[in-house]
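Hi everyone, thanks for coming. Let me put the structure up, and then I'll walk you through the parts I liked.

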Amino acid sequence: MLGKRAKERLRLNIMRLLLIVVTFVYILPFFWMVSTSLKADQDLFLIPPKWFPIPPEWSNYKNAIEYFPFFTYFKNSLIITFGSVLGTLLVSPLVAYGFSKIYWPGRDFFFYLMLSTMMLPFAVTMIPTFIIFKKLGLVNTLWPLIIPSFFGVPMHIFLIRQFFNTIPDDFIDAARVDGASELQIYWKIMLPLSKPILLLVGLFQFIGSWNNYLGPLIYLTDEEKYPLALGLPLFLDRYGTHWNWMMAASTLAIIPIVIFFFFAQSYLIEGIKLTGLKE
Amino acid sequence: MRKYQRRNFVKGLLFILPWLIGFAVFTVYPIIASLYFSFTEYHVTTKPQWIGLENYKKLFSDVLFVKSLTNTLYYAAGLVPIGLVVGLVLALLLVQPLKEIIFYRGIIYFPSIVPAYAFATIGIWFFHPYLGFINHILGFFGIDGPMWLSDENWAKFTIILLSQWGAGGTALIYMAAIKDIPRELYEAAILDGATRWQMFKKITFPLISPATLYYLVIATLGALQIFDLPQIMTEGGPANSTLSYVMYLYRHAFTYANMGYASAMAWILFIISMFLTFLIFRTSGRWVFYYGARR
């Protein structure tokens, strides 16, 4: 018979083994991508495949870059993403303040109205929204992908409001008694106290905009305005049979995300606690 | 309204004003406009022509519409339950008290933030019938792997399978829920001689049911709108077996400039989404359990 301690240790080691297997499965597609991106043409067809392409065929990256204007796409992705993050951070907390720290008749009505819009499929509003931007002459510009965030993003307003609600009213009432205006309270008290949630919401918006595919697909037609979301599939269409170039382009497209993830992962993984979704 | 109430009313409205304007322009107007367009023939460059229920009538005899709808229900029926099980199993593994657990969490969570457009290109190659990794491995074990995305019987399933690489997001929500369960409950259960499976069934699963409710709503709405992966990987093929609802809607709206027809599709999707969301919430009273909540 095993002792209780030994049994627990055995159980943990089984879990560890399972985790190593699962982690391996989750890393495999990326390993296969990088490995392919460094293979010479003839090595693509080897059976069994070469796991580690030695010597690495760096010229795939040179070829990929030649046909794949990575930096143009990257720049456009950055503009869309930073524009949206800016919009979200400027406006969403402001709206959240109105839903959290000011007590006014009708507030709950508007709040629940806003929550209900979160369930609205994008496809329902997509066509008339496109027509609005068309009439404004903004189709085939990056603006339709940035502007909406300047009207507040319901999901983010909701998350920030949850956080605001945890800040005691006493603080704010004291400031009100001292004659501070709501904007001063918002700017000088609420925002500085809310850095963690603002950071998290900014990261969410970053991922959302960077990963958005349908939006750019609807609005952009000129290739020099394409973000990575359209550039990579375009490359797939044209050079899809050059698997090693294709994987080199994919690797290039994923490197910024890896760098982003490296810096953001602890906030993203721990940040779930701030969202109040656990309740 | 008293005077201070009126003052607060104005202040409150001013703070939410940006959202309120956005709501009017980007939500209320589009919903009404798309309802109107759905009763018209509308090709953007000319004025909408009222044709009554014609679009709706045409839709139900449109073979591709029916195909895209059944495909989408297939996606939802696969993505939602499989995603739940994978997310939950990952979460149960990722809350184990191991020193290197942060390392596993990072790697398993990472693919969930990789954009679908990048994942799609990797996925095509990974599941390539002759040169892909999966069929190499299957071949190593003497199994003749299927054609995956090139076989109309396998293509949708391949997309569902590939989507599981993004299950880290669900796992994260479940992890937070599991960590919140009071330890005393397990200690009491152990004293009573409960097995691990009993503890999972009677303690863990009921206590994370609010997270399950959240997951079901989000995942169902997401599955109904599946677009990126099939659009990039197969463009709907082979034989329209991966054509999703939103892909077909997109095609009518932006390839054929058939805005009226597409708007009718949008409204049907709207009604299906509302119905399923309502159904989930309606049954949730029976199985969602809020620990410590007053009843």
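**Folding within a chain, packing between chains**

Contact here means C-beta atoms, placed from the backbone, within 7 Å.

Some housekeeping: this is a predicted model, where local features need pLDDT of at least 70 and side-chain atom pairs count only at pLDDT 80 or more, while totals for chains, interfaces and linings use all residues. Residues are numbered from 1 along each chain as its sequence is written, and chains are lettered from A and ligands numbered from 1 in the order in which they are written.

Chain A has 13 helices and zero strands; those are DSSP runs, H or I of at least four residues for helices and E of at least two for strands, numbered from the N terminus. The radius of gyration of chain A is 24 Å, well over the 19 Å that the globule rule gives for 279 residues, so the chain is more spread out than a compact globule. That radius is taken over C-alpha atoms, and the rule is 2.2 Å times the number of residues to the power 0.38.

Now, how many residues of chain B are in contact with chain A? There are 74, and they touch 74 residues of chain A. Helix H1 of chain B, residues 3-37, gives the most to chain B's side, with 20 residues.

One partner of H1(B) is helix H4 of chain A, residues 107-117. In that pairing, Arg107(A), Phe110(A), Met114(A) and Thr117(A) meet Gly12(B), Ile16(B), Trp19(B), Phe23(B) and Thr27(B).

Notes. Two residues are in contact if their C-beta atoms, placed from the backbone, lie within 7 Å. Axes are lines fitted to C-alpha atoms, for helices over the stretch in contact, and angles run from 0 to 180 degrees between N-to-C directions.
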